[in-house]
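Please keep the sequence and the model in view while reading.

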Amino acid sequence: MKSKPSFHIGKVPIYGDTIIAPMSGYTDSPFRRICRDNGSAMSYTGLISEGVIRHAECERDLMFFPEERPIAFNIIGRDIDVLEQVSRKSEEAGADFIDVNMGCPSKKVVLKNQGAYLLKHPQLIAKIIKRLTSILSIPVTAKIRLGWDNKTRNYLEVAKIVEDNGATMLAVHARTKDQGYTGVADWDAIGEIKQILRIPVLGNGDIKRAEDIDRMKKHTGCDGVLVGRAAIGNPWIFHRRNREEVSAEEMFETAKRHLNYMIEFYGPYGLVLFRKHAVAYFKNTP
């Protein structure tokens, strides 16, 4: 661990500048643990919705191991009262931060008027952030995209609203909702946001190799970098190592440890769930 924090979220020090991004279907507890083992500076849960206050079986979404900390609980929704209940439940479960998801472009999410849908309603964002920062004792953060589409790139307005209403960190995926994960991420936009905010800014988008991390930081001035798909099958990227720099022995040992984490968390079914990770680990391996 570094002796000096790279930045703080509220009063919480973050040791390191490279972090596993929240990814639906991937950032469960075992994957967060393997990424933390390999240098991710903190963790984000998967999407946490009102299910955790309605259905007992959804409480698994709140489970984590101490070594995953600091951990942000990634909440999603649009009803302020419901989001307050979800946030309180998350705080009780041990969250270090509450992160409001305003960037998920998934069709099933935006059809529920959640995720990136909120970017079309800046004043609703203001009310959500203000409510949560006023009632929680832990920091509130947010993750956004650049806008709904290229005609409504309102990221500067939204970024200021997030900061002005008490959030202590902002993560920016440098694409619009309409882009999804296609096209080129606009790193210039991350730089613009960084220049107008006082709170830490994390950049996200088009980190494909280890060298892209420092390239984004230099280009944007961001405080940290979120790595998403590039970490699947390559958790060593958080130590700025590319896949080809990892020995076969280390790859197998890491994959085995990840599998053990899966079985510890899910029981025998963890072996089935590990298959998507196995494909990524052993891609191009004879």
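## Basis and salt bridges

A salt bridge is taken here as a side-chain nitrogen of Lys or Arg within 4 Å of a carboxyl oxygen of Asp or Glu. The model is predicted, so local features need pLDDT of at least 70 and side-chain atom pairs count only at pLDDT 80 or more, while totals for chains, interfaces and linings use all residues. Residues are numbered from 1 along each chain as its sequence is written, and side-chain values use heavy atoms, with hydrogens and water left out.

The structure holds 25 salt bridges. One of them joins Asp17 to Arg240, with 3.0 Å between the closest N and O atoms. Asp17 sits in the loop between β2 (12–14) and β3 (18–20), and Arg240 in the loop between β10 (224–227) and α9 (248–266), so this pair ties together parts that are 223 residues apart in sequence. Helices (H or I, at least four residues) and strands (E, at least two) are DSSP runs, numbered from the N terminus. Asp17 is buried at a relative accessible area of 8%, whereas Arg240, at 26%, is partly exposed; buried means under 20% relative accessible area, exposed over 50%, and partly exposed in between, using a 1.4 Å probe and protein chains only. Asp17 and Arg240 also belong to a network of salt bridges that links them with Asp214 and Lys217.

## Two further pairs

Arg33 forms a salt bridge with Glu67, where the closest N and O atoms are 2.7 Å apart. Because Arg33 lies in helix α1 (residues 29–37) and Glu67 in the loop between α2 (51–54) and β5 (71–75), the pair ties together parts that are 34 residues apart in sequence. Arg33 counts as buried at 6% relative accessibility, and Glu67 as partly exposed at 35%.

Asp212 and Arg215 meet through their side chains in a salt bridge of 3.1 Å, N to O. Both residues lie in helix α8 (residues 210–220), three residues apart, which is about one turn of the helix. Asp212 is buried, with a relative accessible area of 9%, while Arg215 counts as partly exposed at 47% relative accessibility.

## Helix α1

At the start of α1, a side-chain oxygen of Asp28 comes to within 3.1 Å of the backbone nitrogen of Phe31. This is a polar contact, that is, a pair of N or O atoms within 3.5 Å in which, within protein, one must be able to donate a hydrogen and the other to accept it, residues adjacent in sequence counting only if both atoms are side-chain atoms. Just after α1, Gly39 takes a positive phi of about 115 degrees.

## Asp96 in its loop

Asp96 lies in the loop between α3 (80–92) and β6 (97–102) and counts as buried at 15% relative accessibility. A polar atom of the Asp96 side chain lies 2.8 Å from the backbone nitrogen of Ile71. Leaving aside neighbours within four places in sequence, Asp96 is in contact (heavy atoms within 4.5 Å) with Arg69, Pro70, Ile71, Ile138 and Pro139.

## Pockets

On a 1 Å grid over the protein atoms alone, where a 1.4 Å probe is used, a pocket is an open set of points with protein on both sides within 12 Å along at least five of seven lines, and lining residues have an atom within 4 Å of a point. Grid points are joined across faces, edges and corners, and a volume is the space filled by probe spheres set on the points. The largest pocket has a volume of about 660 Å³ and is lined by 29 residues, of which Ser24, Gly25, Gly46, Leu47 and Asp61 lie nearest its centre. At least two lining residues come from each of α1, β4 (43–48), α4 (107–110) and α9, with β4 giving the largest share, four residues. The lining comprises twelve nonpolar, nine polar and eight charged residues, where Ala, Val, Leu, Ile, Met, Phe, Trp, Tyr, Cys and Pro count as nonpolar, Asp, Glu, Lys and Arg as charged, and the others, Gly among them, as polar.

The second largest pocket has a volume of about 510 Å³. Its lining has 27 residues, of which Pro22, Met23, His173, Tyr181 and Asn204 lie nearest the centre, and the elements that give two or more residues to this lining are β4 and β10. By class, the lining of the second largest pocket has twelve nonpolar, nine polar and six charged residues.
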